[in-house]
Amino acid sequence: MTGLTVVIGYGAAGRATAQALAARGDEICVAQRSRPTDLPAKAAFRSCDVLDAQSVRQAITGARQVVLAVGFPYDARVWRKVWPKTITNIVEACAETGARAVFVDNLYMLGPQNKPRREDMPLTKRGEKPAILSEVTRIWMAATAAGRVRIAALRCTDFYGPGVPASHLGASAFGRLAQGEPAFMLAPPDIPHDFAYVPDIARAVITLLDAPDDAFGQVWNMPCAPTRTPREILQLGADALHVKLRIRAIPLWLLPLLGLFSRFLREVADVGFTWDRPYEVDGTKFTRRFWSDVTPYEVGAPATALSFKVSHA
């Protein structure tokens, strides 16, 4: 779809999406509080505070479409204040301007499951952060059901990829392997777990941006490569680095105790259900409608591991 696309947030998903849009010649603008140092060529920038309704409205002025790809400190106390406000500001700004929006979301709001996660599963109240994102989901879905806005959510599991340090497979895992040190994990390395490759996420976001209106007003799960354990994925990276795979992991049962002394570990324990059993995402809805050729771990893991070797060279 032609016209201006505003990408709000320039973390892993926002950056990859902006770069991919710029590479195909789209008119884009990146919006967040501070100007990134690595904006794509010809990309514009607008200062935006997502907690300020007028700032959001000004940031998306003239946009045909918006990508919401923001991230906040991993703290439920922060999320409780910022997430409902952010999504409300996006809804109201899009309702006023008529812009469509693609929301890069996660799957916490589905809570613990013993089956692959599907879009039609009910929202949960279990856990602080999952309950907050359940509320966020209700806000934008109510607005779309009322015909006020056109929003589509791309729900993604844990990210990984080149240049993505904040990941279970990021700087603490592949990054440490690239430095000849053991990978460190805050999760069990031998429980199957889906991961989404960031370049694939950007491709999926753009697919939704290009889709007709009937793809909006609903949720789409990000498809992933066939499920592996973290150990299996890290082994592919270790092989590319020509190092022996060594892993140090904190036992899941220990996280609640450690959380008494570390706020971050308490926040990890809050979503312990994502790691205490196999974690699979059913992306069938997306693959049937759009595409299914996601990046295999045999490609993504070596590329990610080697990117950390280059960054430390």
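Here is a quick look at the overall build and the nonpolar cores of this protein.

The model is predicted, so to speak on its own terms: local features need pLDDT of at least 70, side-chain atom pairs count only at pLDDT 80 or more, and totals for chains, interfaces and linings use all residues. Residues are numbered from 1 along each chain as its sequence is written, and side-chain values use heavy atoms, with hydrogens and water left out.

The protein has 11 helices and 11 strands (DSSP runs: H or I of at least four residues for helices, E of at least two for strands, numbered from the N terminus). Its radius of gyration is close to what the globule rule gives for 313 residues, so the protein is as compact as a globular protein of that length (the radius is taken over C-alpha atoms, and the rule is 2.2 Å times the number of residues to the power 0.38).

| Overall property | Value |
|---|---|
| Radius of gyration | 19 Å |
| C-alpha box along the principal axes | roughly 55 × 40 × 40 Å |

Of the 313 residues, 52% count as buried (under 20% relative accessible area, 1.4 Å probe, protein chains only).

Now the inside. A nonpolar core is a set of buried Ala, Val, Leu, Ile, Met, Phe, Trp, Tyr and Cys residues joined through side-chain atoms within 4.5 Å. The largest one has 53 residues, and Leu154, Phe174, Ile201 and Leu234 touch the most other members. Helix H6 (residues 198-210) gives this core its largest share, 6 residues. A second, separate core of 45 residues includes Val66, Val82, Ala101 and Leu107.

Conventions. Buried means under 20% relative accessible area, exposed over 50%, partly exposed in between (1.4 Å probe, protein chains only).
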